[in-house]
Amino acid sequence: MPENISPVPPIPAGLDWIRAAPEGEEGPGPWIEIAYGPEDAVYLRETSDPENIVTTTQKKWDAFVLGVQAGEFDHFVEGME
């Protein structure tokens, strides 16, 4: 494994997944789900593919959320209405 890539630790069992769905929406989605794990780990997955999990840190997740709130990613969805 290259020096700048660290091994991915195993995903902890029993995570409490929080679904990010619009209020009042039901059904399978697909929706994004987030779980907070030990040692500042944050896990993300999509309901349609729950075995495919992305791992990040709390600091990076917080920066991403602040960027979304500030509109830094709006250009990705322009014209999608």
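Three aromatic pairs are counted in this structure, which is a predicted model. Ring pairs join Trp 61, Phe 64, Phe 73 and Phe 76 into a cluster. Apart from ring pairs, the briefing also covers a charge placed over a ring, that of Trp 17.

**Trp 61 and Phe 64**
- The rings of Trp 61 and Phe 64 make a tilted pair, with 5.6 Å from centre to centre and 35° between the planes.
- Both residues belong to helix α1 (residues 58–69), where they are three residues apart, so about one helical turn separates them.
- Trp 61 counts as buried because its relative accessibility is 17%, and the cut-off for buried is under 20%.
- Phe 64 has a relative accessibility of 38% and therefore counts as partly exposed.

**Phe 73 and Phe 76**
- The ring centres of Phe 73 and Phe 76 are 6.3 Å apart.
- Their planes meet at 20°, so this pair is stacked; the label applies to planes under 30 degrees apart.
- Phe 73 is partly exposed, at 31% relative accessibility.
- Phe 76 has a relative accessible area of 58% and is therefore exposed, since exposed means over 50%.

**The cluster**

**A charge over a ring**
- Arg 45 is positioned over the face of Trp 17.
- The distance from Arg 45 to the ring centre of Trp 17 is 3.9 Å.

Note on methods: Residues numbered from 1 in each chain as written. Predicted model: local features only at pLDDT ≥ 70, side-chain atom pairs only at ≥ 80, totals over all residues. Heavy atoms only, no water. Phe/Tyr/Trp six-rings, centres within 6.5 Å; stacked < 30°, edge-to-face > 60°. Helix = DSSP H or I, 4+ residues; strand = E, 2+ residues; numbered from the N terminus. Buried < 20%, exposed > 50% of the residue type's maximum accessible area, 1.4 Å probe, protein only. Lys NZ or Arg CZ within 6 Å of the ring centre and 35° of its normal.
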